[in-house]
Structure formats: structure tokens, C-alpha cells
Amino acid sequence: MSKVTVVGCGVMGRNVITAYMNAGHDVVIVDVNDKAAQPFIEKGAKYSRNLQDAPETEIITFVIPTYELAQSVLKGCTKERLCGKYLINTVTPNSIPKVAETAELAREMGVKYIEAKLECYPEDIGRGEGYIVIAAEKEHYDVIEAPLFALGKLVYLGENITSAAAADIANIAVHGAASTILIECAAFCLKAGLPLGPWIQTVRDTMPLSLAVNYDMIVDELSNYKFGNEFPNAQSTDMVVEWRGEKMVRDAMRELGIKTVVSDRIVDLFQSALDAGYNKKDIVSLVGFFID
């Protein structure tokens, strides 16, 4: 398992290639852009413009933009070329059905299919910050686990092939929401005359702890939730209090002329929950509101 093919030599692909090579793997690069591959070729990597004609390796890693392109690459190969190979697909998903469709196509060609999602920035691949969630048949995961350690920490989610893609989509959403509200609040602090330096320091000093405590509480409640369950009424802070707090924050920002794009959506969400009768529920009960 010391030879690995990487299909895709873009920003993420280059970091995956680097991590594999740093771990001592022989790498074959497949990409239409030979110039992008050239620095790695000079370090000993092999190169091909297409997978069908590339030197064969037992492991193939897709680091390309879309599932449509992933399917196109698979269809560009013969079944004989791919049969028995392990395919690690790191494509960022935008459709759960498309994930299942791609996995089925791979299986029809005799491929041992693994969904592996890179939950980190490209430069963190192969370092301590690298983090990969994986869905695959257990026997396939056991084989590719060691080579994948070159990329980062591995979290195996089980044999439901779409679970890694679902986790990836959810993680991206959380990252985007957290980053965006941070930026919106920074705009508010600037407009209120507060230098960002001291405020950012308070965020660094106080938010990690408070976020961890709130996150742990939410995770504890959600981890016991099953689809269709009813949440009990809140013991302390109910939806009305949550709505009132978010609205106060939003209104304070609006007063200074801040475009409260994120806060508006949050207030609207809580208002919708109240309209649906969630007044006495805990904030975690919103999971049922989204599903309903």
C-alpha cells in the first residue's frame, strides 16, 4: 500500500500529494494540467493526464471539485482497469443522492469505495490539524486506514456510505455560520467605536470556554434524540427567552446602521419556532422544528 494515485492537483490536491509523499508513499498524479504536477514530478512523483493510462496503484484518491467530474473520471476507465482498487473520494458533496449514485457506479466497476471528507483547510492536511471523517465498509476501511493516516486524524463513521458526506455538509454550514456572525459582530463593534483589538482579545479569552460549555450541553441533548421524538419543556431558558435575547442583539446592531444579515435570519428562525408553538421548549428542540 505504499503506492497511491491522486486524481486532482489543485489547491487541496497539492496538499494531499505533499502529505502522501512526506509519509513515504510513491505517488502517481492524474491531472490535465502537467504544470501543476511538475514540482512533484521533480521530487519523484509519476504523472498521467488520465486515470485509464496512469501507472496502476492499489489506492486511488479523488481530490477533484464535483461528483459529476468524479463520475466522468470513473466512466473514462474500463472496469478491468479499476476492478479491485480502493477509491478514496474526498470530493466536497452538494447532494446526498449524488454521493450514493457515485458509490454505486464505483461498485458496479468492482471498486472498493471509501468516502473520506477533509474537515480542515488545505494547508492543515498532513499536519496535526488535519481531520478526516470516513464512511466505508469496515473491511475496506481497515485496509486503507494506515495510508490515510498520512493526511491527518481519522474518524470512522460506519458503513452508511452517505454519512461522511452528511457530516461534511453540516460541518461546512457550522463553520460558515460561526465565521459570518463573528464578522457581523466585528462590524457592530467598529460602528460602536470599540477598537477590534481589545474585543477580539475578549473573544479569545472568554468564548472558547463558554462555547465549549454550551456546545457540550447541546450535544448531550441531541445525542439522545431520535427522529420523531418530542422534547420536554425547558427547565430554565425557554424559546421565548432565546428569541428575546437574539432580538435585543439584532435591534442594537440595527440602531447603529449595521446590516444584520445573519442576526435577521436567527431572529426569524426563533420567531417561526414561537409561531409553531415551541414557546416552552429548549433551544435544542429546534431540531424537531427543522425536520417538521
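Student: Which residues of α5 are buried?

Tutor: Val 99, Thr 102, Ala 103, Leu 105 and Ala 106 are; buried means under 20% relative accessible area (1.4 Å probe, protein chains only). This is a predicted model, where local features need pLDDT of at least 70, side-chain atom pairs count only at pLDDT 80 or more, and totals for chains, interfaces and linings use all residues. Residues are numbered from 1 along each chain as its sequence is written, and side-chain values use heavy atoms, leaving out hydrogens and water.

Student: What covers the buried residues of α5?

Tutor: The cover includes α3 (67–75), β5 (86–89), β6 (112–118) and α7 (163–191). Contact means heavy atoms within 4.5 Å. Helices (H or I, at least four residues) and strands (E, at least two) are DSSP runs, numbered from the N terminus.

Student: What caps the N-terminal end of α5?

Tutor: Ser 95 does, with a side-chain oxygen 3.1 Å from the backbone nitrogen of Lys 98. After α5 comes Gly 110, with a positive phi near 80 degrees.

Student: In what order do the strands of the sheet run?

Tutor: Strands pair if DSSP finds at least two bridges between them. Here 8 strands form an open, mixed sheet ordered β3-β2-β1-β4-β5-β6-β7-β8, with β3 (46–48) and β8 (153–156) as edge strands, each pairing on one side only.

Definitions and conventions:
Buried means under 20% relative accessible area, exposed over 50%, partly exposed in between (1.4 Å probe, protein chains only). A polar contact is a pair of N or O atoms within 3.5 Å; within protein, one must be able to donate a hydrogen and the other to accept it, and residues adjacent in sequence count only if both atoms are side-chain atoms.
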